[in-house]
Amino acid sequence: MYLHLGSSVVIPQSDVLGIFDLDNTTSSRITRDFLAQAQRAGQVVTVGDDLPKSFTLCRDPAGRITVYLSQLSSATLLKRFESGSFETF
């Protein structure tokens with residue numbers, strides 16, 4: 001199964017480690033430091049041009065971590081993940 005993160009970005013559901021709300025999680029210094037480190041390491045992919053609302057943490061089969069910033073809410077992504085549907089809006 002695949003998860004559509006927005007725009008034209010689709011990832012395998014098996015790679016997803018977590019889906020997080022950007023507003024709630026960035027109040028933590030630890031999360032902000034993690035995201036800043038991932039940005040410096042080139043591990044952040046911005047999905048779409050709108051202001052991001054969530055981020056999805058993924059690990060590919062080779063063990064590399066990627067953070068996808070999405071304009072879709074974490075609730076929307078979670079619903080898509082749980083239903084296994086591949087919806088493109």
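**Aromatic pair.** I searched the whole structure, which is a predicted model, and found one aromatic pair, counting rings of Phe, Tyr and Trp (its six-membered ring) as paired if their centres lie within 6.5 Å. I then placed Phe-20 in strand β3 (residues 16-21) and Phe-55 in strand β5 (residues 54-59), so the pair ties together parts that are 35 residues apart in sequence. Strands (E, at least two residues) and helices (H or I, at least four) are taken as DSSP runs, numbered from the N terminus.

**Ground rules.** I number residues from 1 along each chain as its sequence is written, and side-chain values use heavy atoms, with hydrogens and water left out. Local features need pLDDT of at least 70 and side-chain atom pairs count only at pLDDT 80 or more, while totals for chains, interfaces and linings use all residues.

**The sheet.** I traced an open sheet of four strands in the order β3-β5-β6-β4, with mixed pairing, where two strands pair if DSSP finds at least two bridges between them. Its edge strands are β3 and β4 (44-47), each of which pairs on one side only. From one strand to the next the twist averages 20 degrees; axes are lines fitted to C-alpha atoms, for helices over the stretch in contact, and angles run from 0 to 180 degrees between N-to-C directions.

I counted six bridges between β5 and strand β6 (residues 65-70), which run antiparallel, and within this pairing Ser-54 has Ser-70 in β6 as its bridge partner. Helix α3 (residues 74-83) packs on the sheet and touches β3, β5 and β6, its direction making about 150 degrees with that of β3; contact here means heavy atoms within 4.5 Å. The hairpin of β5 and β6 has five residues between the strands, and Gly-63 in the turn has a positive phi of about 95 degrees. On the other pairing, β4 and β6 are joined in the parallel sense over four bridges, and Val-44 stands opposite Val-67 in β6. Five of the six residues of β6 are buried, so I describe β6 as largely enclosed by the rest of the structure.

**Asp-15.** I located Asp-15 in the loop between β2 (9-12) and β3. Asp-15 is buried yet has no salt bridge, and the nearest side chain of opposite charge, Arg-64, is 8.8 Å away. A salt bridge would need a side-chain nitrogen of Lys or Arg within 4 Å of a carboxyl oxygen of Asp or Glu; Lys and Arg count as positive and Asp and Glu as negative, with His and the chain ends not counted. Leaving aside neighbours within four places in sequence, I listed the contacts of Asp-15 as Leu-57, Cys-58, Arg-59, Asp-60 and Pro-61.

Methods: Rings of Phe, Tyr and Trp (its six-membered ring) pair if their centres lie within 6.5 Å; planes under 30 degrees apart count as stacked, over 60 as edge-to-face and the rest as tilted. Buried means under 20% relative accessible area, exposed over 50%, partly exposed in between (1.4 Å probe, protein chains only).
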